[in-house]
2 protein chains.
Amino acid sequence: MLSGAVRVFNERGYDGTSMEDLSRELGITKSAIYHHVVGKEELLRLGVDRALDGLFAVMEEVKAAEGTALHRLELLVHNSVLLLIDELPFVTLLLRVRGNTKIERKALARRREFDSLVTEMVEQARDEGHLRADVVPAITARLLFGMVNSVVEWYRPRRGDDPQDLADIIVAVAFDGLRC
Amino acid sequence: MLSGAVRVFNERGYDGTSMEDLSRELGITKSAIYHHVVGKEELLRLGVDRALDGLFAVMEEVKAAEGTALHRLELLVHNSVLLLIDELPFVTLLLRVRGNTKIERKALARRREFDSLVTEMVEQARDEGHLRADVVPAITARLLFGMVNSVVEWYRPRRGDDPQDLADIIVAVAFDGLRC
């Protein structure tokens, strides 16, 4: 039911989706939905939390990795792309949250917390001398995840595609650039 | 009125905004709004067209520039960042369009047309030997503009900030990478 609700939210927009819409699109009665959740707000919360929990799990795993901060930052970008592809509808929902309700504002606060952890990692990699000295950590963190997150706008899984390939491309572009 | 309507659309979401909301937020009567436009759809169309016309004007100007395709591509990224900052609310509105109405689908079609012009430019720069040989033009075009477009999510103009600085940073990251 959660996956179905998240699909409907992504198609119609969360604000534009009523319980009637959910009932019709999921082919279950409203009372059956209310049996599981108190309303569409709870479905939103479960959906964005799934994406956020995934991102924080990637962050924890990466922070525990050996090596330089640059290595951890590359791993973070790589594994975030894999998570995004794996949880595509949930991350899509998260990235469209604008902050009109308490649940949305809480999700935005967790996103900012994630961003500040990325910013710290960029700062550390720069201080270790592995990133250009003119790098501004907060802007760099946002540009890195701007590129990563943009994948939700166009990525559609196709048979035979290996998500690792896209993760590798994004790491290469971000750290080595396009020029040859 | 257009700027005000676009601000309300960006805050509440286009689908979640009624003519009543526009009337209240803009402090003008509904009939005064209807005197100028046939409905909120026309305000959406005027808003997204302003962003799209700006992007295509940048594209035309850049295509006419002398030099290599790589030079034109760098100029395109640079000037697109400046346009995005200059027309921030309009580009924000455009980037949130999902295709639920005819006007939105037309805007998405123009965005795809723009993307394919970027893809052609990436292909040409690669064929001229100035981009890494492993670059996939369509993916690269999307990642480049993924990074550019992500600016709408966090950029807030501050006194003394020079938009040129951000445009320069984004060109440097995209083409030379973060590593030193």
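Q: In which hand does α5(B) pass α7(B), left-handed or right-handed?
A: The crossing of α5(B) past α7(B) is left-handed, meaning that the near helix is turned anticlockwise from the far one by less than a right angle, with clockwise being right-handed. Before we go on, this is a predicted model, in which local features need pLDDT of at least 70, side-chain atom pairs count only at pLDDT 80 or more, and totals for chains, interfaces and linings use all residues. Residues are numbered from 1 along each chain as its sequence is written, while chains are lettered from A and ligands numbered from 1 in the order in which they are written.

Q: OK, and at what angle do the axes of α5 and α7 of chain B cross?
A: Roughly 145°, and the axes of α5 (residues 69-86) and α7 (residues 102-127) of chain B come within 8 Å. Axes here are lines fitted to C-alpha atoms, for helices over the stretch in contact, and angles run from 0 to 180 degrees between N-to-C directions.

Q: Which residues make that contact?
A: From α5(B) there are A69(B), L70(B), R72(B), L73(B) and L76(B), and from α7(B) there are V118(B), M121(B), V122(B), Q124(B) and A125(B). Two residues are in contact if their C-beta atoms, placed from the backbone, lie within 7 Å. By class, the contact of α5(B) with α7(B) has eight nonpolar, one polar and one charged residues. Nonpolar takes in Ala, Val, Leu, Ile, Met, Phe, Trp, Tyr, Cys and Pro, charged is Asp, Glu, Lys and Arg, and the others, Gly among them, are polar.

Q: Switching to chain A: how many helices and strands are there?
A: Chain A has 10 helices and zero strands. Those are DSSP runs, numbered from the N terminus: H or I and at least four residues for helices, E and at least two for strands.

Q: What share of chain A is buried?
A: Of its 180 residues, 36% count as buried. Buried means 20 or more other C-beta atoms within 10 Å of a residue's own, exposed means 12 or fewer, and partly exposed is in between, with C-beta atoms placed from the backbone.

Q: Which residues of α1(A) are buried?
A: A5(A), V6(A), V8(A) and F9(A). They cover an arc of only 160° around the axis, so they sit on the same side of α1(A); the arc is that of the directions from the helix axis to the C-beta atoms. The buried residues of α1(A) pack against α2, α4 (40-63) and α6 (88-95) of chain A.

Q: And where is D15(A)?
A: D15(A) is in the loop between α1 (2-12) and α2 (19-26) of chain A. D15(A) counts as partly exposed because it has 17 C-beta neighbours inside 10 Å. Leaving aside neighbours within four places in sequence, D15(A) is in contact with N100(A), G13(B), D15(B) and G16(B).
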